Amino acid sequence: MTKDHGPSIKDDATYEALLEQGASKQKAARIANAQASPDQHPSEKGGKAQPYEDWTKDDLYARAQELDVDGRSTMTKDALIAALRDR
């Protein structure tokens with residue numbers, strides 16, 4: 001029988017199983033709560049963004065600006081891609 005972990009954990013059985021597998025309490029709580037919600041699908045892949053190679057240099061620069069990448073103004077397209085992947 002699973003232990004009741006309070007109102008912040010929506011699926012106690014999943015939470016306990018994840019803890020036994022070595023997940024942190026925070027990670028186990030996120031996954032257990034996402035699986036308990038009909039609006040979330042944690043096992044599905046994420047978005048369908050294009051690979052950085054298909055982005056324009058201006059788009060890469062804008063993304064680097066959002067992430068506050070140092071030296072972005074002098075970087076080539078390849079350097080911007082490398083810097084963004086390092087983040």
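This is a predicted model: local features need pLDDT of at least 70, side-chain atom pairs count only at pLDDT 80 or more; totals for chains, interfaces and linings use all residues.
## Contacts of Lys10

Two residues are in contact when heavy atoms of one lie within 4.5 Å of heavy atoms of the other. Leaving aside neighbours within four places in sequence, Lys10 is in contact with Asn33 and Ala36.

Lys10 sits in the segment before helix H1. Along the chain, Lys10 and Ala36 are 26 residues apart, yet their C-alpha atoms are separated by 6.0 Å. Is Lys10 buried or exposed? Its relative accessible area is 55%, and a residue counts as exposed over 50%, so Lys10 is exposed.

## Helices H1 and H2

Next comes helix H1, which covers residues 12-20. Its buried residues are Asp12, Thr14, Tyr15, Glu16 and Leu18. Part of what covers them is helix H2 (25-36). Just after H1, Gly22 takes a positive phi of about 105°.

Two packed helices are described by the angle between their axes and the distance between the axes. For H1 and H2, the angle is about 145° and the axes are 8 Å apart. Their crossing is right-handed. On the H1 side, the residues that meet H2 are Thr14, Tyr15, Leu18 and Leu19; on the H2 side, they are Lys25, Ala28, Ala29, Ile31, Ala32 and Gln35. Sorted by class, this contact of H1 with H2 has seven nonpolar, two polar and one charged residues.

## The nonpolar cores

Which residues make up the largest nonpolar core? There are nine: Tyr52, Leu60, Ala64, Val69, Met75, Leu80, Ile81, Ala83 and Leu84. Helix H3 (57-66) and helix H4 (77-86) are the elements that give two or more residues to this core. H4 provides the largest share, four residues.

Ala83, one of the core residues, touches Val69 and Met75, not counting residues up to four places away in sequence. Apart from this core lies another, of seven residues, including Ile9, Tyr15, Leu18 and Ala23.

## An aromatic pair

Finally, how many aromatic pairs does the model have? The count comes to one aromatic pair.

Methods:
Residues are numbered from 1 along each chain as its sequence is written. Side-chain values use heavy atoms; hydrogens and water are left out. Rings of Phe, Tyr and Trp (its six-membered ring) pair if their centres lie within 6.5 Å; planes under 30 degrees apart count as stacked, over 60 as edge-to-face and the rest as tilted. A nonpolar core is a set of buried Ala, Val, Leu, Ile, Met, Phe, Trp, Tyr and Cys residues joined through side-chain atoms within 4.5 Å. Buried means under 20% relative accessible area, exposed over 50%, partly exposed in between (1.4 Å probe, protein chains only). Axes are lines fitted to C-alpha atoms, for helices over the stretch in contact, and angles run from 0 to 180 degrees between N-to-C directions. A crossing is left-handed if the near helix is turned anticlockwise from the far one by less than a right angle, and right-handed if clockwise. Ala, Val, Leu, Ile, Met, Phe, Trp, Tyr, Cys and Pro count as nonpolar, Asp, Glu, Lys and Arg as charged, and the others, Gly among them, as polar.
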